[in-house]
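Please look through the model shown below with the following note beside it. The points are written for a reader who is new to describing protein folds.

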Amino acid sequence: METARETRDDGEGLHCLVTGATGYIGGRLVPELLAAGHRVRALARTPAKLRDYPWATDAEVVRGDVTDPESLETAMRGIDVAYYLVHALGTGPGFEETDRRAARVFGERARAAGVRRIVYLGGLTPGDVPEEELSPHLRSRAEVGRILLDSGVPTTVLRAAVIIGSGSASFEMLRYLTERLPVMVTPSWVSTRIQPIGVRDVLRYLVGSARMPADVHRSFDIGGPDVLTYRMMMERYAEIGGLPKRLILPVPMLTPRLSSHWIGLVTPVPRALARPLAESLRYEVVCGEHDIARYVPDGPGQPFPFDKALALALQRVREAQVTTRWSSASLPGAPSDPLPTDPDWAGGSLYEDVRERDVDASPAALWRVVEGIGGDNGWYSFPLAWAVRGWLDRAMGGVGLRRGRRDAARLRVGDSLDFWRVEEIEPGRLLRLRAEMRVPGLAWLEMYAEDRGDGRSRYRQRALFHPRGLLGHAYWWSVSPFHAVVFGGMARNIARAAARPPGPAPARTTAAPRPQRQH
């Protein structure tokens with residue numbers, strides 16, 4: 001019988017391990033746990049990506065991987081509650097086996113370390129569909145939950161459907177489909193019933209699960225108070241967003257594969273992620289119970305109705321207050337090799353395109369332009385060429401240019417920036433971007449703001465490409481004739497933009513000493 005005895009009843013904060021800290025939910029959970037008085041250890045394969053997060057100095061950040069028993073053994077020492085917030089979705093046909101292996105290793109290491117509770121955020125599955133008939137995405141989520149429940153460690157599995165919050169993949173799909181298509185020919189799954197939940201409620205349940213009674217060992221369905229079809233969600237978005245009424249025409253013959261192409265064409269979500277999301281939307285996912293409220297009580301107006309969760313997410317987007325995004329985590333399959341100038345670079349062919357220009361502006365003025373690059377500000381040269389490169393990348397299953405920016409004025413290490421990712425930033429001096437578009441090799445773009453010492457500055461730009469095989473060399477030489485236009489124009493226009501008088505400052509995210517509530 002379940003009792004009210006907590007994991008610890010001494011009133012002190014718990015020591016929590018958060019995996020997936022660079023991801024959408026993990027990056028938001030850490031500050032919520034800190035605000036609740038807990039100590040946090042954040043696990044990341046690349047700890048440097050967390051360096052610029054507002055909470056980075058308040059949490060312990062360690063290097064590790066959930067598939068690596070040794071790194072997990074170290075990360076689990078002294079931990080009371082371990083949050084499992086990772087999945088291999090979009091990594092290819094073997095993602096189910098990767099998820100399975102990672103969950104087993106995590107459970108084994110947690111048990112060996114004496115962890116008192118595992119908390120896992122999984123997916124809500126339909127009760128009337130056998131597990132073997134579910135989409136690979138939902139089937140894997142269900143299997144991971146079962147593996148963790150069988151680990152011998154008291155486990156809480158929270159099962160959620162669509163999460164509504166600024167920057168979530170589900171929200172971005174809904175947002176772009178509704179805003180960009182006044183008339184939509186849609187798959188039949190737009191008529192499937194879903195029970196969405198706001199990200200603030202997801203975080204509240206995750207934080208509250210840390211102090212569940214020690215003998216609570218089960219799954220909980222979590223959802224908001226509204227059960228809607230995807231069509232109704234789009235109609236509500238149009239109304240709340242002040243858009244004209246949308247005409248939605250469901251077409252039964254649109255398969256999940258075709259749906260993923262449709263989503264990839266209209267939204268920033270790449271096809272590798274869009275397809276499993278589309279496949280999951282075929283199923284009716286409605287909560288069968290709300291037992292979570294026995295252990296994490298709901299306050300007045302909680303959980304948030306869909307309209308309120310959506311309005312809060314839209315407000316965050318419009319005010320540029322998006323703390324994490326679906327693209328915060330590294331793209332599966334993205335290059336992870338070191339920059340060629342790093343000490344551990346092993347050599348090989350390396351192509352460079354270097355541009356320099358003196359700028360009639362201070363280094364600070366030049367840096368504002370550099371740090372503001374991408375997204376709505378564009379890339380300062382030949383917009384059609386950048387757009388075509390983005391379209392080609394989308395056609396090959398890449399991310400394209402639509403990911404934009406998390407913040408209109410500020411960047412931090414790990415941010416996605418169109419089809420790049422911020423690999424390094426030295427405020428006022430260096431911005432280094434690593435390419436995540438589909439290319440036969442590894443590519444970087446560096447931008448420097450240098451002080452000339454006379455009140456003026458020098459802009460230095462370096463594009464680097466490390467080819468893979470003959471195709472990589474052919475790729476570089478095929479595009480090099482356009483470099484004078486693209487990279488040369490980029491350096492010239494950045495210098496001009498820096499020399500212009502500054503206009504109104506773009507909206508930006510401000511970091512408070514203690515994090516605000518997330519939407």
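The note takes up the sheets, the helix pairs, a salt bridge and some backbone details in turn.

1. Basis of the note. This is a predicted model, in which local features need pLDDT of at least 70 and side-chain atom pairs count only at pLDDT 80 or more, while totals for chains, interfaces and linings use all residues. Residues are numbered from 1 along each chain as its sequence is written, and side-chain values use heavy atoms, with hydrogens and water left out.

2. Seven strands form an open sheet in the order 3-2-1-4-5-6-11, with parallel pairing. Helices (H or I, at least four residues) and strands (E, at least two) are DSSP runs numbered from the N terminus, and two strands pair if DSSP finds at least two bridges between them. Strand 3 (60-63) and strand 11 (218-221) are at the edges with a single partner strand each, so one side of each has no neighbour in the sheet. On average, neighbouring strands here are turned by 20 degrees against each other, direction ignored. Axes are lines fitted to C-alpha atoms, for helices over the stretch in contact, and angles run from 0 to 180 degrees between N-to-C directions.

3. Strands 1 and 2, and the helices on this sheet. Strand 1 (residues 15-18) pairs with strand 2 (residues 39-44) in the parallel sense over four bridges. Within this pair, C16 stands opposite V40 of strand 2. Helix 1 packs on the sheet and touches strand 1, strand 2, strand 4 (81-84) and strand 5 (117-123), its direction making about 170 degrees with that of strand 1; contact means heavy atoms within 4.5 Å. Helix 6 lies across strand 4, strand 5 and strand 6 (155-160), and runs at about 155 degrees to strand 5.

4. Helix 1 with helix 6. Helix 1 (residues 24-35) packs against helix 6 (residues 199-209) at an angle of about 60 degrees, with the axes 10 Å apart. This angle makes helix 1 oblique to helix 6. Angles under 35 degrees count as roughly parallel, over 145 as roughly antiparallel, 65 to 115 as roughly perpendicular and the rest as oblique. The contact is made by Y24, I25, R28, L29, E32 and L33 of helix 1 and by V199, V202, L203, L206 and V207 of helix 6. By class, the contact of helix 1 with helix 6 has nine nonpolar, no polar and two charged residues. Ala, Val, Leu, Ile, Met, Phe, Trp, Tyr, Cys and Pro count as nonpolar, Asp, Glu, Lys and Arg as charged, and the others, Gly among them, as polar.

5. Helix 3 with helix 4. Helix 3 (residues 95-112) and helix 4 (residues 136-149) have axes 9 Å apart and pack at an angle of about 15 degrees. Helix 3 is therefore roughly parallel to helix 4. Residues in the contact include F95 and R100 of helix 3 and H137 and L148 of helix 4. The contact of helix 3 with helix 4 has seven nonpolar, three polar and six charged residues.

6. Strand 16 (residues 420-426) and strand 17 (residues 430-435) run antiparallel and are joined by six bridges. V422 has L433 of strand 17 as its bridge partner.

7. A salt bridge. Which residue forms a salt bridge with R193? The partner is E284, with the closest N and O atoms 3.2 Å apart. A salt bridge is a side-chain nitrogen of Lys or Arg within 4 Å of a carboxyl oxygen of Asp or Glu. R193 lies in strand 9 (residues 193-194) and E284 in the loop between helix 9 (271-280) and helix 10 (306-318), so the pair ties together parts 91 residues apart in sequence. The whole structure has 32 salt bridges.

8. Backbone details. A cis peptide bond joins Q302 and P303, with omega about -10 degrees. P303 is in the loop between helix 9 and helix 10. Y380 has a positive phi of about 65 degrees although it is not a glycine, and Y380 is in the loop between helix 11 and helix 12 (383-395).
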